[in-house]
Amino acid sequence: SKVWNYINSLNTFSIRIMNLKYNFDFSLVKSNKEISLLMCCSEEWVRVNINKIKNQIREIYVDDDNK
């Protein structure tokens, strides 16, 4: 999908977070806590990064659909 292609063009950290958090259909796979333990960072850092990525996706793909 276009969204996964975009995600896979991000930095390695962001790609890994998104791959751990969601499956291909964007169903939740792991919690932020589980991801933070796997990635050796805080839950807050995981949350901040996921929100940043989701906002970027929203700007690129959702806003384009509304134009």
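Is S36 buried or exposed? S36 is buried, with a relative accessible area of 7%. Here buried means under 20% relative accessible area, exposed means over 50%, and partly exposed lies in between (1.4 Å probe, protein chains only). The model is predicted: local features need pLDDT of at least 70, side-chain atom pairs count only at pLDDT 80 or more, and totals for chains, interfaces and linings use all residues. Residues are numbered from 1 along each chain as its sequence is written, and side-chain values use heavy atoms, with hydrogens and water left out.

S36 lies in helix 3. Helices are DSSP runs (H or I, at least four residues), numbered from the N terminus. A polar atom of the S36 side chain lies 2.7 Å from the backbone oxygen of K33. This is a polar contact, a pair of N or O atoms within 3.5 Å; within protein, one must be able to donate a hydrogen and the other to accept it, and residues adjacent in sequence count only if both atoms are side-chain atoms. Leaving out residues up to four places away in sequence, S36 touches C41, S42, E43 and V46. Contact means heavy atoms within 4.5 Å. L37 also lies in helix 3 (residues 32-39). L37 is exposed, at 63% relative accessible area.

Helix 2 (residues 12-21) has buried residues S14, I15, I17, M18, L20 and K21. At its start, a side-chain oxygen of N11 comes within 3.2 Å of the backbone nitrogen of F13. N11 and L37 are 19 Å apart in space, C-alpha to C-alpha, and 26 residues apart in sequence.

The largest nonpolar core has 15 residues. Such a core is a set of buried Ala, Val, Leu, Ile, Met, Phe, Trp, Tyr and Cys residues joined through side-chain atoms within 4.5 Å. I7, I17, M18, I35, I50 and I57 touch the most other members. Helix 1 (2-7), helix 2, helix 3 and helix 4 each supply at least two residues of this core. Helix 4 gives the largest share, five residues. Beyond its neighbours within four places in sequence, I50 is in contact with I17, M18, K21, Y22 and N32.

Aromatic rings were examined next. Rings of Phe, Tyr and Trp (its six-membered ring) pair if their centres lie within 6.5 Å; planes under 30 degrees apart count as stacked, over 60 as edge-to-face and the rest as tilted. The structure holds three aromatic pairs. The W4 and F26 rings have centres 5.0 Å apart and planes at 15 degrees, so this pair is stacked. W4 lies in helix 1 and F26 in the loop between helix 2 and helix 3, so the pair ties together parts 22 residues apart in sequence. W4 is buried, at 6% relative accessibility. F26 is partly exposed, at 34%. The rings of Y22 and F26 have centres 5.7 Å apart and planes at 55 degrees, so that pair is tilted. Y22 is buried, at 11%. W4, Y22 and F26 form one aromatic cluster.

The structure holds one salt bridge, defined as a side-chain nitrogen of Lys or Arg within 4 Å of a carboxyl oxygen of Asp or Glu. E44 forms it with R47, the closest N and O atoms being 2.7 Å apart. The two residues are three apart in helix 4 (residues 43-65), about one helical turn.

Disulfides, pairs of cysteine sulfur atoms within 2.5 Å, number zero. The sulfur of C40 is 7.7 Å from the closest cysteine sulfur, in C41, too far for a bond. C40 is exposed, at 73%, whereas C41 is partly exposed, at 22%.
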